[in-house]
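Notebook open, model loaded. I'm jotting down what I look up as I go.

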Amino acid sequence: MRDRLLAAENVKAIDWRDGALYLLDQRVLPSQESWVACRTVEAVADAIRCMLVRGAPAIGICAAYGLVLAARERIAQGGDWQAAWEEDYALLAHTRPTASNLFWALQRMRDRLDRLKKHADPLAVLEAEAIAIHESDREANFVMAQLGVERIRKHQGNAQAFLTHGNTGALATGGVGTALGVIRAAFLEGLVEQVYVNETRPWLQGSRLTAWELAGDGIPVTVNADSAGAHILKTKGVTWVIVGADCIAANGDVVSKIGTYQLAVCAMHHGVRFMVVAPSSTLDLMMATGDDVALEARDPGELLEVMGQRLKVDAINPVFDVTPADLIDVIVTEKGVVERPDTAKLARLMCRKRLH
Ligand SMILES: CSC[C@H]1O[C@H](OP(=O)(O)O)[C@H](O)[C@@H]1O
């Protein structure tokens with residue numbers, strides 16, 4: 001499966017080359033494919049904050065490269081460069097509050113610096129670590145795709161309909177994607193009849209990004225309004241809802257794109273299986289439950305522009321919600337699969353080595 005997915009890989013959104021970070025601008029997709037070069041840590045922080053790059057694993061990868069750019073500048077300035085580098089670390093850590101992968105990647109970079117040998121070149125070591133974070137996310141995607149498709153096949157061996165929410169594909173990760181990686185693998189195995197994609201208001205990660213990725217792969221995709229989700233589950237023979245995650249708490253609660261929770265309630269009501277696909281870097285065992293996770297709210301203005309007019313009412317714009325563990329059938333990570341997640345099962349999973 002790895003080789004087949006590798007051959008089918010056709011979207012890359014993060015490119016580290018010649019000492020700069022190049023990002024495919026997700027704010028203007030699918031109408032424009034425009035690349036932006038980030039040469040400073042401030043540029044990377046801005047790109048994450050304004051969602052030029054988005055998706056939990058992708059944010060973590062970019063933050064790691066951001067710390068490389070920060071180190072280059074701070075070392076050139078001389079003096080106590082590590083103290084100044086910590087300010088850059090804080091800048092990146094405050095770009096978005098919810099995705100665990102961001103904090104995980106930053107911490108991994110700091111740990112690497114702490115373990116630096118006496119005569120080692122800190123810039124070279126940090127660059128190698130950021131590349132390793134990027135590459136291991138790509139490999140994790142392949143493993144999760146394989147594990148997820150095995151789980152699908154275990155229940156039903158013929159082509160079926162899936163529903164997904166948000167964007168969890170190549171644009172959101174370092175590889176073929178988390179939930180979308182599983183759907184891509186299922187397609188290669190002849191298990192996909194149709195993929196329904198919630199448009200994912202207000203930012204439209206579903207209709208702008210996921211539909212673009214799936215159509216580009218020739219995978220049958222149909223976009224629906226988020227409010228049609230329950231109706232689709234009831235009438236279209238959907239066998240699995242497959243989503244990604246921004247943070248998974250110790251008890252298996254899943255923080256993901258706003259609207260995921262209501263989808264899980266509807267899936268449970270209609271007997272549709274619910275799969276969450278995320279690398280182990282998304283699990284944060286310091287969060288006892290999903291209620292401990294900081295949920296981002298973005299500008300209410302995103303909801304108030306209607307037909308070129310600004311509505312003059314109040315609005316709230318929470319962009320993540322918490323799906324309780326008991327609504328989740330299976331969590332797929334690169335370390336293995338957990339059915340009916342709970343604290344003990346997830347703690348055991350995190351002690352395992354990666355499967356690649
Ligand atoms: C595999 S990406 C996980 C996650 O990230 C997305 O959030 P955003 O678009 O706001 O960065 C979305 O929730 C995806 O499910």
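**His 165**

I started with the side chain of His 165, which makes a polar contact of 3.1 Å with the side chain of Asn 198. Keep in mind that this is a predicted model. I then checked the backbone around it and found the oxygen of Ile 258 at 2.7 Å from the His 165 side chain. As for where His 165 sits, I traced it to the loop between β4 (160-164) and α7 (179-188).

Is His 165 buried or exposed? I get 4% relative accessibility, and the cut-off for buried is under 20%, so His 165 counts as buried.

**Ligand**

Next I went to the ligand. Which residues come nearest to it? Of the 16 residues around the ligand, I noted Arg 54, Arg 96, Gln 205, Asp 246 and Lys 257 as the nearest.

A polar side-chain atom of Arg 96 is 2.8 Å from one oxygen atom of the ligand. For Gln 205, I read 2.8 Å between an N or O atom in its side chain and an oxygen atom of the ligand. With Ala 56, a backbone N or O atom lies 3.3 Å from a ligand oxygen atom. I then checked cover: the ligand alone exposes 400 Å², and the protein buries 99% of that.

**Asp 246**

I looked up Asp 246 in UniProt, where an unreviewed entry lists it under "active site". In the model I find Asp 246 in the loop between β7 (238-243) and β8 (247-249). Its relative accessibility is 11%, so I put Asp 246 down as buried. Beyond its sequence neighbours, Asp 246 touches residues including Ala 56, Thr 98, Ser 100, Lys 257 and Phe 320.

**Nonpolar cores**

Last, I turned to the cores. The largest nonpolar core has 37 residues, with Leu 21, Leu 23 and Trp 85 making the most contacts inside it. At least two residues each come from β1 (14-17), β2 (20-24), α2 (41-49), α3 (56-77), α4 (81-93), α5 (100-114) and α6 (122-155). The biggest giver is α3, with 12 residues.

Methods
Residues numbered from 1 in each chain as written. Predicted model: local features only at pLDDT ≥ 70, side-chain atom pairs only at ≥ 80, totals over all residues. Heavy atoms only, no water. Core = buried A, V, L, I, M, F, W, Y, C linked by side-chain atoms within 4.5 Å. Buried < 20%, exposed > 50% of the residue type's maximum accessible area, 1.4 Å probe, protein only. Helix = DSSP H or I, 4+ residues; strand = E, 2+ residues; numbered from the N terminus. Polar contact = N/O pair within 3.5 Å; in protein donor to acceptor, adjacent residues only side chain to side chain. Near = heavy atom within 4 Å. Areas by Shrake-Rupley, 256 points an atom, 1.4 Å probe, with all protein chains shown as cover. UniProt positions renumbered as here; feature names shortened; annotations may be inferred. Contact = heavy atoms within 4.5 Å. Lists of a residue's contacts leave out its neighbours within four places in sequence.
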